[in-house]
Amino acid sequence: MKSLTECRKEIDEINSELLKLLERRIRVTDSVAEYKIANNMKVFDEEREKAILDKIASLAPSDMTAEMTGTFDSIMNMAKLHEYRITSQKSPARDGFKRALETSHASDGVFVVGVQGVEGAYSEMSARAMFPNADIRFYANWSQVFAALESGEIVYGVLPVENSTYGSVTDVYRLINEHDAYIVAANCLKIEHCLLAKQGTKLDDVREIMSHPQALGQCAGYISKHGCKPVSATNTAVAAETVSKSDRNDLAAIARIDCAEKYGLEILERGVQDEPHNATRFVAVSRQLEIPSDADKISIRFSLAHREGTLSRILGCFAALGLNLTKIESSPIPSRPFEYRFFLDFIGSMRDESAFDLICALSDELGDFRFMGNYHEISEI
């Protein structure tokens, strides 16, 4: 039996030999990248990579197939990143990103910010956290917020995109993409729902509970436990305002505690959400791409055909660069059967050269690619 020292010495010798071969392997990609640029070819050649891995699997010792294919998959990812660094220099997206990096972004400025709902809405609370001195304007629905953004009536719109217990707000993501808006800031807000009713109402009197569908979903267990009927409203604060104007004592609203004083309601119970650690992520969107100096999170969207290995090979690039994915979500594309649109959030900054090059390359490489923003997220949980 070899000693551990002998084994380590042998490994060091092999590593030295491998290093020379790997450098040679990656250096060849310089010529590959130049050829692909000249011939308008993409770096990611799915069929070529699959063929290489299939060949490796067929040549590898039967007891090492997984180890060998996994190792070569990683080698190809690193070589691909090297190609991306070269091809990204020719990307049409570079100038736009550079301009955005130079755009001033003053979160403490005095400008108009639009939110959906009425005073007391969680969106208003989140907007004030992101833009303390902003003039807040209220709109009946999310579409109106985007219409105001496009008309120039507001500078930013603040909208909910994800809840920790009820998932993504898909309609907001759809509107962000339909209106080509960009995320410029985000806020993760702790959500404590309260049950509010007209003065003198008892909990046992309540038969219907009104709120936004997301809030109703977050409190579904509570509502069911009390045998009440959920009633949808466009916003939690709108629900509170509606209850205040009603002459019913069997109707209550789920909203934030501030709405009790604002609309003269009684707090029947606090913390009625099913999960105590309940939080909603809000984003501020703009018509123009802005990248603030403290930006540390990037959101992108792209599409891929539903074939084995396509997503993992793209994600391998992020892993190779040490970029931490914080969210990955997919949705089918109705007009393109068996193709999916992916939404990715990851920790990173476009001021980092490796992230910048990767995004430039992917913008040319992937179908339906859209850079959704590089921004800083405030967490209040």
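User: Is Asp54 buried, partly exposed or exposed, and what is its relative accessibility?

Analyst: The general idea first: a residue is buried under 20% relative accessible area, exposed over 50%, and partly exposed in between, using a 1.4 Å probe and protein chains only. Asp54 comes out at 42%, so it counts as partly exposed. Keep in mind that this is a predicted model: local features need pLDDT of at least 70 and side-chain atom pairs pLDDT 80 or more, while totals for chains, interfaces and linings use all residues. Residues are numbered from 1 along each chain as its sequence is written, and side-chain values use heavy atoms, leaving out hydrogens and water.

User: Which residue forms a salt bridge with Asp54?

Analyst: The rule asks for a side-chain nitrogen of Lys or Arg within 4 Å of a carboxyl oxygen of Asp or Glu. For Asp54 the partner is Lys50, with the closest N and O atoms 3.0 Å apart. Both sit in helix H2 (residues 46-59), four residues apart, or about one turn of the helix. Helices here are DSSP runs of H or I with at least four residues, strands are runs of E with at least two, and both are numbered from the N terminus. Lys50 has a relative accessible area of 39%, so it is partly exposed too.

User: How many salt bridges does that rule give?

Analyst: The count comes to 25. One of them joins Asp250 and Arg248 at 2.9 Å, N to O; Asp250 is partly exposed at 23%, and Arg248 is partly exposed at 29%. Another pairs Arg256 with Asp258, also 2.9 Å from N to O. There, Arg256 is buried at 9%, whereas Asp258 is partly exposed at 37%. Shared partners also link Glu162, Arg281, Lys297, Lys327, Glu329, Asp345 and Glu377 into one salt-bridge network.

User: On to strands. Which way do the residues of E9 point?

Analyst: In a regular strand, side chains alternate between the two faces of the sheet. In E9, Leu251, Ala253 and Ala255 go one way, and Ala252 and Ile254 go the other. E9 covers residues 251-255, and five of its five residues are buried.

User: What is the strand order of the open sheet with E9 in it?

Analyst: Strands pair through backbone hydrogen bonds, either parallel or antiparallel. Two of them count as paired if DSSP finds at least two bridges between them. Here five strands line up as E8-E7-E9-E6-E10, with mixed pairing. E8 (229-232) and E10 (265-270) stand at the edges with a single partner strand each, so one side of each has no neighbour in the sheet. Neighbouring strands are turned by 35° against each other on average, direction ignored.

User: How many bridges join E6 to E9, and do they run parallel or antiparallel?

Analyst: Three, and E6 (residues 194-198) runs antiparallel to E9, with Leu196 standing opposite Ala253. E7 (residues 208-211) also has three bridges to E9, but that pair runs parallel; Ile209 has Ala252 as its bridge partner.

User: Which strands does helix H10 lie across?

Analyst: For packing, contact means heavy atoms within 4.5 Å. Axes are lines fitted to C-alpha atoms, for helices over the stretch in contact, and angles between N-to-C directions run from 0 to 180 degrees. H10 (residues 236-245) lies across E6, E7, E9 and E10, at about 155° to E9.
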